[in-house]
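Dear colleague,

Please find the structure below, followed by a short account of what was found in it.

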Amino acid sequence: MNSATLFGLCSAALVGLGLFGLIVRPEPLRKILAFNLLGSGVFLFFGVVARRGAAAGLGADPVPQALVITGIVVSFSATALAVALVLRLRKLTDEVTSGLGAASKAQEDGDHS
Amino acid sequence: MSTTITTTASGYLLVLAIMWPVAGIMLSFVTSGRGVERLACVVLPVGFGIAVAVLIAVAQGGQSQIYVVGDWAPPLGIALRADGISAAMMLTTAIVMCATGLFAQGEFSQPSDLPEARSPVVFWVLLFAIWSGLNALVLGSDLFNLYVALELLTFAAVPLVCLKGQKETIEAALRYMLFALIGSVLYLLGAAMIYGAYGTLDIGLLSERVRPDPATLIAASLMTVGLLAKTALFPLHLWLPPAHAGAPAPGSALLSALVVKGSFFLIVRIWFDAMPGLLSFAAAQLLAALGAAAILVGGALALRQKRLKLLIAYSTIAQIGYLFFIFPLAAGLTAGIAWSGIAWTGGWLQLFSHALSKAAMFMAAGLIAEALGHDRIAELGGIGRRLPITMLAFGLSGLSLVGVPPSGGFVAKSLLLMATVMEGQWWWATVIIVGGLLAGGYIFMVLGRLLGSSATPLASLAPVSMRRELAALSLAICAVLLGFLPLRSSDFLQIGR
């Protein structure tokens, strides 16, 4: 087994794990992490493609490596946007729950007095 | 195609089409919050002019317009290419954008007596970004370049859903985002496999080299499944209703009319341009079967909705289903079979007429909700008398969705119906007819209420601007006029293939 095959198998495992997490886990943050795992698997696969396509005495085909850089930027922005949404949702949910909690507490106090 | 690809005379227009809205975004950051709206008054008409110029250039040249970026021919560089369908798609985008801009001028403006708000600025920036992303998507001819365009489109579409900032809309946006993330990463994986197998991502070069081996088919399937999630084809449609119903009216119009069509366009690019002839009979039937399920399930669910915007969102799911009949019915397009051309024209007409009528319908629903303060279907009684123009817009766009002649939707569906008969795939004809009946059911259910007697005094309704009503009406009229288009333009849609 050469290194390209080994890394190829690694990337397949990462893609599988990421896809599993993305579909099975209900929590948004875990889904986002699973997406990043899946993305890493795909980027590693680009690396494998680059290694296999090496020619003319080069260590690797430079095109997939250039694509990976763009891919990482895109996936970084996607993660940032998704995390921003999760944070905002968390903030709103907290406000709602704390508001409800305060209201029910006030009602309890009223009942006692 | 073995000759080197060079830039054509009008090729610079393609760069302009992508960069002009981007210039709008850049200028939005340097003008004041109030200036953005005035900026849109310049960006939108000029962008429309560019789309018309591209359409004329493609029609007059009778061939694709090409721009080779940096004069590096593929496979080293990347090319932008406008064929018949991309030019038509650009014009549809431009029409919907301009009407949406006109409609949003009231909703997303900054009154001079109030402090500047953030959401109007964000709305206009997102509108420009969606336009640029869509133009890049229809003009791209490199699978990785298309991935970037697809992501730009998604990143502009997701915040549009939660512009109101309520909890439900942010939940909807997050769900949309997660579906979109799965979709884009699967697409990217497919693109990586294609590069590994062929050493190029250029669509033109791929179409010459492509062969039906397992690696190619797996790659193409991954890309297709990813794009189906973004197109919201049944059963990957779960994110669409809350997202499209939760967005503000002009946002819903853009999302439902244009954004979901972007990823569909890419599926067609893959199967008809990058890998012609590779879609097997069974795979095409599977895609159409999902489309048929979308028509039936979407239509049935639309009938059960209590809120108008949700009803329209479910109707989008159903109408997207029709588009997928293009795969089995137009499969012989490269072989030059006549009825494949009919199905091809019908499929694209369905896309354009749905874009126009659905945008009009979401705008009309937005105005109704604004006047009444809610959009519960059961309590819409009599609003048609107070907002006759809005009701006319809703009615006309509804007729196009149902497929009543004369309208774009009628011509599209009748062409598809004709193709099913000629192709001998009658089973899709039954679905088209039942889908029309379902659409008739939910449209007339709403229209009946709009025309009915009112339970509440109409005088208590909030005022609605006439200009915004006319923006919705003009789109609905465009959707109807599409039905009068001479069919010579079917040749136009086949330019560049």
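The axes of α5(B) and α10(B), residues 249-274, approach within 11 Å and cross at roughly 160° (axes are lines fitted to C-alpha atoms, for helices over the stretch in contact, and angles run from 0 to 180 degrees between N-to-C directions). The two helices are therefore roughly antiparallel to each other (an angle over 145 degrees). Among the residues that make this contact are B:Leu146, B:Leu150 and B:Leu153 of α5(B) and B:Leu254, B:Leu255 and B:Val259 of α10(B); residues are in contact if their C-beta atoms, placed from the backbone, lie within 7 Å. Helices are DSSP runs (H or I, at least four residues), numbered from the N terminus.

This is a predicted model, in which local features need pLDDT of at least 70 and side-chain atom pairs count only at pLDDT 80 or more, while totals for chains, interfaces and linings use all residues. Residues are numbered from 1 along each chain as its sequence is written, and chains are lettered from A and ligands numbered from 1 in the order in which they are written.

Between the chains, the contact takes 21 residues from chain B and 29 residues from chain A. On the side of chain B that touches chain A, α5 (143-161) and α6 (167-198) of chain B each give two or more residues, with the largest share, 15 residues, coming from α6(B).

Helix α8(B), residues 214-231, has 18 residues and reaches 25 Å from its first C-alpha to its last. The cover over its buried residues includes α6, α10 and α12 (308-323) of chain B (buried: 20 or more other C-beta atoms within 10 Å of the residue's own, placed from the backbone). Just after α8(B), B:Ala232 takes a positive phi of about 65°.

With kind regards

Definitions and conventions: Two residues are in contact if their C-beta atoms, placed from the backbone, lie within 7 Å. Angles under 35 degrees count as roughly parallel, over 145 as roughly antiparallel, 65 to 115 as roughly perpendicular and the rest as oblique. The expected span of a helix is 1.5 Å times one less than its number of residues.
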